[in-house]
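Below is a colleague's note on a single protein chain, written to be read beside the coordinates. Please keep the structure open while going through the points.

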Amino acid sequence: MISDATKRSILRSIHVAFGIPIVGYMSDTSKFLQPAPMEGKGAYNRSSSVQAAGSLPALALLQKATHMVTLPPSPELVVIADYGSSEGHNSLTPMAAAIRALRERVGHERAIFIFHTDLPGNDFTALFETLATDPDSYLRNDSATFAAAVGQSYFEQILPTSSVTLGWSAWAIQWLSRVPCAIPDQVQVAYSHDAAALRAFAEQAAEDWRTFLAVRSREQRPGSRLVVLAMAIDDSGDFGYRPIPDIVYETLIDMVNRGLIGKEEFGRMVIPTVGRTRAQFMEPFAKAGRFEDLSIAEFELFHSEDRIWTEFEGSGDTHTFGAQWAAFARASVFPTLAAGLDGAAEDTRSARFMDELEAGVAIRLATAPVRMTIPLAQIMFVKVTDE
């Protein structure tokens with residue numbers, strides 16, 4: 001029987017030889033899962049202030065990109081793609097900024113079409129409710145801007161070839177296409193000491209990054225721009241958020257000991273996110289300066305502000321500190337952990353699991369509040385041609 005490692009090697013060879021982007025191989029007998037969408041029913045909108053704050057520094061880069069894109073000839077649509085929108089609240093400010101910058105170039109009559117994309121299971125009802133009712137919705141004061149959504153993984157081509165003028169992706173590409181293996185000593189690979197897990201996640205991250213870039217390049221028009229903001233590993237090697245994965249892991253062990261989850265279920269619980277280093281982000285561009293007709297126009301590693309810690313410094317409220325970080329973890333990563341449970345994802349046990357895990361994490365975080373390190377990378381890509 002051919003090993004999984006050999007099959008992955010074959011698929012990588014196919015990609016190199018024929019340029020076919022391959023989402024990583026998963027053994028037929030594997031019980032490991034793909035990432036789940038963020039928690040729905042408005043939970044992600046309510047509990048993603050960390051992501052919102054981290055996106056703010058990239059707005060200037062997005063506006064700069066908007067002023068630099070090559071516009072399609074009138075009256076063609078100007079298309080903006082928002083990759084990884086979740087429930088939409090954190091997309092409102094960047095999309096509004098991009099629209100304002102475009103209006104300076106195209107006037108107020110030309111149509112701008114925004115496509116919000118996320119996994120098929122995303123709560124798109126909450127997204128459209130946000131667009132319709134949020135006071136900050138970019139649709140409220142611009143009758144020539146239109147919105148739609150696509151439920152599809154960004155590891156596939158989502159929009160027509162050469163259709164996108166401007167792309168935006170914030171807090172999304174750190175998610176892998178799949179869980180490549182178990183992590184025997186953690187839920188987050190950045191803090192694992194298992195060599196096999198570290199290697200498997202690094203290989204998957206490299207493969208997924210190339211796939212993401214390849215399919216985005218197909219969608220983009222020549223002269224377009226793509227701005228990506230993602231979790232990163234800083235130049236000292238720090239992934240950040242250190243107390244959270246440790247406490248999640250500790251809480252899950254406690255839940256096993258209390259009989260709330262089984263050992264096999266616990267073994268399937270992995271957070272398939274990675275932070276990439278500066279070198280890993282740039283690796284596809286190392287030889288030729290471009291990859292799949294994309295080149296890097298700007299790149300910056302930086303640390304985002306921990307807004308939850310700033311609030312705690314002012315209030316001294318340890319309960320609120322723990323609750324806010326636990327809610328952040330619940331909305332973003334608990335649905336993927338819950339997917340490791342036996343039974344259907346929508347059953348009542350899944351909700352009880354997330355309630356119990358959130359409560360345990362909140363209590364543990366509140367006992368020793370610390371400022372979180374939040375390393376991020378912001379990158380502007382340009383679609384180039386040889387013409």
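This is a predicted model: local features need pLDDT of at least 70, side-chain atom pairs count only at pLDDT 80 or more; totals for chains, interfaces and linings use all residues.

1. The protein chain has 387 residues, of which 55% are buried, and its secondary structure comes to 13 helices and 7 strands.

2. Two further totals describe the chain as a whole. Of the contacts between residues at least 6 apart in sequence, 82% join residues that are at least 24 apart. The chain exposes about 16700 Å², and carbon and sulfur atoms supply 54% of that area.

3. Helix 11, which spans residues 318-332, and helix 13, which spans residues 348-367, have axes that come within 8 Å and cross at roughly 140 degrees. An angle over 145 degrees would count as roughly antiparallel, and helix 11 and helix 13 are therefore oblique to each other. The crossing of helix 11 past helix 13 is right-handed. On the side of helix 11 the contact includes Phe321, Trp325 and Arg330, while on the side of helix 13 Met354, Glu358 and Leu365 are among the residues met. Sorted by class, this contact of helix 11 with helix 13 has 11 nonpolar, 3 polar and 3 charged residues.

4. Helix 11 also packs against helix 10, residues 307-315, with axes that come within 9 Å and cross at roughly 170 degrees. Helix 10 and helix 11 are therefore roughly antiparallel to each other. Helix 10 contributes Ile308, Trp309, Glu311 and Phe312 to the contact, and helix 11 contributes Thr318, Phe321, Gln324 and Trp325. The residues of this contact divide into 5 nonpolar, 2 polar and 1 charged.

5. From helix 7 the contact is made by Pro243, Ile247, Val248, Glu250, Thr251, Leu252, Asp254 and Met255, and from helix 13 by Phe353, Glu356, Leu357, Gly360, Val361, Arg364 and Leu365. By class, these residues of helix 7 and helix 13 divide into 9 nonpolar, 2 polar and 4 charged.

6. Ser74 and Pro75 are joined by a cis peptide bond, with omega at about 10 degrees, and Pro75 is found in the loop between helix 3 (49-68) and strand 1. Ser86 has a positive phi, near 50 degrees, and Tyr241 likewise has a positive phi, near 55 degrees.

7. Where do Ser86 and Tyr241 sit? Ser86 lies in the loop between strand 1 and helix 4, and with 3% relative accessibility it counts as buried. Tyr241 lies in the loop between strand 5 (220-231) and helix 7 (243-257), and is buried with a relative accessible area of 4%.

8. Gly88 belongs to the loop between strand 1 (78-83) and helix 4 (89-106), the loop that also holds Ser86. At 2% relative accessibility, Gly88 counts as buried. Gly88 and Ser137 are 49 residues apart in sequence, yet their C-alpha atoms are 9.4 Å apart in space.

9. Is Ser217 buried or exposed? Ser217 is found in helix 6, residues 195-219, and because its relative accessibility is 4%, under the 20% cut-off, it counts as buried. Beyond its neighbours within four places in sequence, Ser217 is in contact with Glu292, Asp293, Leu294 and Lys383.

Definitions and conventions. Residues are numbered from 1 along each chain as its sequence is written. Side-chain values use heavy atoms; hydrogens and water are left out. Helices (H or I, at least four residues) and strands (E, at least two) are DSSP runs, numbered from the N terminus. Buried means under 20% relative accessible area, exposed over 50%, partly exposed in between (1.4 Å probe, protein chains only). Contact means heavy atoms within 4.5 Å. Accessible areas come from the Shrake-Rupley method with a 1.4 Å probe; for residues, only the protein chains shown count as cover. Axes are lines fitted to C-alpha atoms, for helices over the stretch in contact, and angles run from 0 to 180 degrees between N-to-C directions. Angles under 35 degrees count as roughly parallel, over 145 as roughly antiparallel, 65 to 115 as roughly perpendicular and the rest as oblique. A crossing is left-handed if the near helix is turned anticlockwise from the far one by less than a right angle, and right-handed if clockwise. Ala, Val, Leu, Ile, Met, Phe, Trp, Tyr, Cys and Pro count as nonpolar, Asp, Glu, Lys and Arg as charged, and the others, Gly among them, as polar.
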